[in-house]
Amino acid sequence: MEFPKEFFLDEVREGFYIPAMMKRAWAAELEILVEIDKICEKHNLRYYIDYGNLLGAIRHKGFIPWDDDIDIMMMRRDYEIFSQVAKEELPEELLFRSPEESSDCELISSVQHREMLISSNAIGKYHNFLYGAGIDIFPYDYLSGDEEKEKERLEIFKSLCILASFPSLQGENKEVLEQEAMKIKDLCAVDLFHSPNYRKTVLALLQEYSKKFNSDRGHKISYLLDLVLFENMGIGIFEEEWYREESYLNFEFLSLPVPKEYRKIIAAKFHDYETIRKGGGDHKYPFYRKMEASYQEGLGGKLFYQYAI
């Protein structure tokens, strides 16, 4: 993909300094999105940009200046097809990583580079970004129209998320994990205390309860992990009809897919979304700092580039 040369220059947006390496990270992520888009178009799958990228498209016509990643959403059906075909159809430098394949108990799926690009023949394709980039993919599921059934599902789902975040019931969090495992035993009749493959069993249950009401095809949908994280904030639940039709918004120099009712969605995600305020995600900005530090150490403590701040 051809980028305008000026895209890769250091820049200040909304009073926030964006170094050239961050621009290369953005470009690498957009290249990954192109590969995802090819697969989705081939298999008639729908995805939309989500979270900070949807907000960025609406408010900044591109990345939020202090944002460093790309998030997309899919309905569960499309996500499951994508997860099946992506392993074969992604280019060799990319991999699809689901919770089932995660070695660090990560619960979010992504398409990401297999290795740091400095070690890859694909570095030119990704605009000489030195490190590894990725795109997070969030599957949305239907909620039950029965409040009591949904309340019970979320109670189980919350326990499963806690349990799936650890490789076993042992360790310093043993007491808490055993309490959650006991809930699962009582509510689901599944004994995790004697499971021969603890995490595989937990993830299978997590999948089962994620999809529990999808066949009912109710009126509301959600990324369920958000409901667990923000259960007391009243956000994360959307009308399914808001996502039925597709539209496009400018994003940097591209046009990316968004739900037709994107303003209703963004208002439900961010109540005062038109107000610009600097805020970060749940990781240290920029995401490649740890990889950069490792690379710098390998060079004896010096990089061939430096930041202005």
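Ile36, Ile39, Cys40 and Lys42 in H1 meet Phe82, Val85, Ala86 and Glu89 in H3, where contact means heavy atoms within 4.5 Å. By class, this contact of H1 with H3 has 6 nonpolar, no polar and 2 charged residues; Ala, Val, Leu, Ile, Met, Phe, Trp, Tyr, Cys and Pro count as nonpolar, Asp, Glu, Lys and Arg as charged, and the others, Gly among them, as polar.

A word on the ground rules. This is a predicted model, in which local features need pLDDT of at least 70 and side-chain atom pairs count only at pLDDT 80 or more, while totals for chains, interfaces and linings use all residues. Residues are numbered from 1 along each chain as its sequence is written, and side-chain values use heavy atoms, with hydrogens and water left out. Helices (H or I, at least four residues) and strands (E, at least two) are DSSP runs, numbered from the N terminus.

Now for the helix pairs. Their axes are lines fitted to C-alpha atoms over the stretch in contact, and angles run from 0 to 180 degrees between N-to-C directions.

| Helix pair | Angle | Axis distance |
|---|---|---|
| H1 (residues 20–42) and H3 (residues 76–89) | about 120 degrees | 11 Å |
| H4 (residues 147–164) and H5 (residues 174–188) | about 140 degrees | 9 Å |

H4 is therefore oblique to H5; angles under 35 degrees count as roughly parallel, over 145 as roughly antiparallel, 65 to 115 as roughly perpendicular and the rest as oblique. H4 passes H5 in a left-handed crossing, whereas the crossing of H1 and H3 is right-handed. The rule is that a crossing is left-handed if the near helix is turned anticlockwise from the far one by less than a right angle, and right-handed if clockwise.

On the H4 side, the contact with H5 uses Glu155, Ile156, Ser159, Leu160, Ile162 and Leu163. H5 brings Leu177, Glu180, Ala181, Lys183, Ile184, Leu187 and Cys188. Sorted by class, that makes 9 nonpolar, 1 polar and 3 charged residues.

Helix H2 (residues 51–59) is mostly covered, with 8 of its 9 residues buried. Among them are Tyr51, Leu54, Leu55 and Ile58. Just after H2, Lys61 takes a positive phi of about 55 degrees.

Tyr51 also belongs to one aromatic cluster with Tyr48, Phe138, Tyr140, Tyr223, Phe238 and Tyr243. Rings of Phe, Tyr and Trp (its six-membered ring) pair if their centres lie within 6.5 Å, with planes under 30 degrees apart counted as stacked, over 60 as edge-to-face and the rest as tilted. The count comes to 24 aromatic pairs.

One of these joins Phe3 and Phe253 edge-to-face, at 4.7 Å centre to centre and 80 degrees between the planes. Phe3 sits in the segment before strand S1 (11–13) and Phe253 in the loop between strand S10 (246–251) and strand S11 (254–259), 250 residues apart. Phe3 counts as buried at 10% relative accessibility, and Phe253 as partly exposed at 31%.

Phe7 pairs with Phe253 too: the ring centres are 6.0 Å apart and the planes at 80 degrees, so this pair is edge-to-face. Phe7 lies in the segment before S1, so the pair ties together parts that are 246 residues apart in sequence. At 6% relative accessibility, Phe7 counts as buried.

Note on methods
Buried means under 20% relative accessible area, exposed over 50%, partly exposed in between (1.4 Å probe, protein chains only).
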